[in-house]
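Colleague: I have a model open and would like to go through it with you. Can we take it piece by piece?

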Amino acid sequence: KDDNLTFVLESKGFDLSAPAGGVLALYEVLSEKLKEENLLSLYKDIELPLSDVLYDMEREGVKVDTEMFSVFESKYRAEIDVISKKIFTAAGEEFNLNSPAQLGKILFEKLKLPAPKKSKKGTYSTSADILEKLEPDYEIVRDVLRCRHLQKLLSTYIEGFRPLIGSKDKLVHTSFNQILTTTGRLSSANPNLQNIPVRDEEGRELRKLFIARADDRILLDADYSQIELRLLAHFSGCKELIDAYNNGEDIHALTASQVFGVPLGQVDAQMRRAAKAVNFGIIYGISDFGLANNLNIAPKQAREYIKAYFDRYSDVKKYMDSNVAFARQHGYVTTLLGRKRVIDEIRSSNFNIRAFGERAAMNMPLQGSSADIIKIAMVNISRRLKKEALRSKLILQVHDELVIDAYIDEQDKVTDILRYEMENAVKLKVPLTAEVHSGKNWYEAK
């Protein structure tokens, strides 16, 4: 993905004075390589038609509510002003809140908060991980982190997006990167519409900025339900997980029941939350320290949770171990459709690099297969919309989620197409399910 045409032509020994002829020769060479690697179908049936779909989506754009931009800006600036004054009062002086050196002096020298080691330059780190450890005990630290959060929302999503909005049509046209990620996932830039925060309500509210194109339209948002966990059940062949999904059971409650050894009816909200963190953590090859951090528990307890999970779902453990062993032997792993990710890190003598490679080997087949599946759905949805002469347009993809700007009189038909094509993109041992919601803005539709 980083090689320009001149470099590729030179590396294959083709004549630089006739680049068009070189491209034709490259086509022959690379087509042969795709065949050898069993990647021709992935290229011709998915990636190539998808490039047309992405072009249509980029050209279509997403409508934004410019009045709502001003509302968010005023709200953020007002709260930043109030909190800044509060911080200065607690510090006993005004200083540059955006200067880590000045903030470090105030917190760790003047106010004598427990200090990290100084850097070689003689300054204190005020990074998020340092401050988050102090957050529960010190109000000023909570205020600093809150201020930073608001400033990030303001600079990234308000000030950052504003120059990219069309002055007349009020549209933003993101660029989708088809070959940037190692897993096959799409990414988005200028503006990045895939990193709108979803973990907290305040971040989610930013979706109110994105609206349907006109009064006779509505946004439809379709989201795969737990697609990577369903893929884990499929790949591992774990009977408990497969049965749970086929019977429509609550997978997180079931895991809580198994891990904590209590009847399903006695699983409380806290147990389910812990089991959910374990379920998703397993997909990403989480360590006991990582899980402990997520759940705010001791590493020893987290280790017990992970052990209990693998004891109950031994097929999942075998599957994860087999991915690592395959990657160590062959130097790559593959997705459901044969997409390859080379993992050189798994053979590294450095422990941390090798551990990263092992996590990638566990996760890539799941995350990459999820990316493959939604790409198939996008191609099929786009074809159906055109074939059935519908005016509604696919405008956004955010990992496991698709957004369509739909005409209200087409809403029911488009909803059926969205759900059917997403749920039938591939056949797994468990059902794929997609939830579809609607609204005048993206927040309502989500």
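Colleague: How many bridges pair β6 with strand β10, and in which sense?

Modeller: Seven bridges pair β6 with β10 (residues 401-407), in the antiparallel sense. Two strands count as paired if DSSP finds at least two bridges between them. Before we go on: this is a predicted model, where local features need pLDDT of at least 70, side-chain atom pairs count only at pLDDT 80 or more, and totals for chains, interfaces and linings use all residues. Residues are numbered from 1 along each chain as its sequence is written, and side-chain values use heavy atoms, with hydrogens and water left out.

Colleague: Which residue in β10 is the bridge partner of R217?

Modeller: Y407. β6 is also joined to strand β11 (residues 434-439) by six bridges, and these two run antiparallel. There, D223 stands opposite E435.

Colleague: Is β6 mostly covered or mostly open?

Modeller: Mostly covered: eight of the eight residues in β6 (residues 217-224) are buried. Buried means under 20% relative accessible area, exposed means over 50%, and partly exposed is in between, with a 1.4 Å probe and protein chains only.

Colleague: Which residues of β6 sit on which side?

Modeller: R217, L219, D221 and D223 are on one side, and I218, L220, A222 and Y224 are on the other. In a regular strand the side chains alternate between the two faces of the sheet. In β6 both faces are covered.

Colleague: Back up a bit. How many helices and strands does the protein have?

Modeller: It has 18 helices and eleven strands. Helices (H or I, at least four residues) and strands (E, at least two) are DSSP runs, numbered from the N terminus.

Colleague: There is an open sheet too. What is the order of its strands?

Modeller: The order is β2-β1-β5, three strands with antiparallel pairing. β2 (171-172) and β5 (210-211) stand at the edges with a single partner strand each, so one side of each has no neighbour in the sheet. β1 (residues 62-64) is joined to β5 by two bridges, and K63 stands opposite I211 in β5.

Colleague: New topic, the core. Which residues touch the most other members of the largest nonpolar core?

Modeller: F210, L232, Y309 and V316, out of 125 residues in that core. Helix α16 (residues 351-387) gives the largest share of this core, 13 residues. A nonpolar core is a set of buried Ala, Val, Leu, Ile, Met, Phe, Trp, Tyr and Cys residues joined through side-chain atoms within 4.5 Å.

Colleague: What is Y309 in contact with, leaving aside neighbours within four places in sequence?

Modeller: L232, L241, T255, V259, V278, N279, I282 and V316. Contact means heavy atoms within 4.5 Å.

Colleague: And α16, is Q367 in that helix buried or exposed?

Modeller: Q367 lies in α16, and at 11% relative accessibility Q367 counts as buried. Not counting residues up to four places away in sequence, Q367 touches T183, R185, E228 and Y284.

Colleague: Now the backbone. Which peptide bond is cis, with omega near 0 degrees?

Modeller: The one from N190 to P191. P191 has its place in the loop between β4 (187-189) and α8 (201-204). N190 is found in that loop too, and its phi is near 55 degrees, a positive value in a residue other than glycine.

Colleague: Is N190 buried or exposed?

Modeller: Exposed, as the relative accessible area of N190 is 56%. Q226 also has a positive phi, about 50 degrees, although Q226 is not a glycine. Q226 is in the loop between β6 and α9 (227-236), and at 22% relative accessibility Q226 counts as partly exposed.

Colleague: Last one, the whole protein. What does the C-alpha trace span?

Modeller: About 70 × 60 × 55 Å along its principal axes. Of the 446 residues, 47% are buried.
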